[in-house]
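Colleague: Could you take me through this model? I would like to begin with a helix.

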Amino acid sequence: MMKSNLSRLAGDVYPRRKLYLAVWPLLLILSVVISSCAQEYKLRGTPYNPVIPAPPIQGIKQDGTPFDLTSLQGRVKVIFFGYTFCPDVCPLTLANMKGVYEMLKEEERAQTAFIFITVDPERDTPERLAAYVSAFNPAFYGVHIPEDELTRVKKEYGVYAEKNTQVASQSAADYLVDHTAFVYIIDKRNNLREIFAHDAPKADIAADISYLARE
């Protein structure tokens, strides 16, 4: 009788053990997937902590029409301050942004605005901005801001930009502008989220734009 009971018990245990061994790998994979999905995305630039509203920016686009940052709510904004006569940093940055744009999916591009703001409004007319910016990507914005308003914008974004007329070989009209070179990322709700160095890896910037476009 005892032997019969043991046999029945063994018959109950072994199928359950086989089922456990079969299901366990699937449960393990599922737990890893859930854990990965639950991990919070970490931005790859230098984040604003806490996040702050993006200071207002108003000016004139390269086609002569008004520009207002708030009109781009619902899109991720990528902003860079520079000038068209810049010999090195600015063209390199715009080339980098062109590469970032090309890494985005079509639907992500539609949700992103790349904005080049001149810190040299004296020479960078909207017409000149049109020729310069479109040489990198016709979809990019070139924005001219009057000098007095630009002073406020620079201060609120922490941008340094001053004429450098100390080079003896340069005339008063042929000057350089010393300026900081950061790329600002603003989310769909017009909050400043992070900044990148102008030469940051394209893949890092594109990855963050993709994430913010899905938010």
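Modeller: Helix α6 covers residues 202–214, and its 13 residues should span 18 Å at 1.5 Å a residue; the end C-alpha atoms lie 19 Å apart, which agrees. The expected span is 1.5 Å times one less than the number of residues, and helices are DSSP runs of H or I with at least four residues, while strands are runs of E with at least two, numbered from the N terminus.

Colleague: What kind of model is this?

Modeller: This is a predicted model, in which local features need pLDDT of at least 70 and side-chain atom pairs count only at pLDDT 80 or more, while totals for chains, interfaces and linings use all residues. Residues are numbered from 1 along each chain as its sequence is written, and side-chain values use heavy atoms, leaving out hydrogens and water.

Colleague: Which residues of α6 are buried?

Modeller: Ile205, Ala206, Asp208, Ile209, Ser210, Leu212 and Ala213 are buried, that is, under 20% relative accessible area with a 1.4 Å probe, protein chains only.

Colleague: And what do the buried residues of α6 pack against?

Modeller: They pack against β4, α2, α3, β5, β9 and β10, where contact means heavy atoms within 4.5 Å.

Colleague: Turning to Asn96, where is its place?

Modeller: Asn96 belongs to helix α2, and at 12% relative accessibility Asn96 counts as buried. Beyond its neighbours within four places in sequence, Asn96 is in contact with His198, Asp199, Ala200, Lys202 and Ile205.

Definitions and conventions:
Buried < 20%, exposed > 50% of the residue type's maximum accessible area, 1.4 Å probe, protein only.
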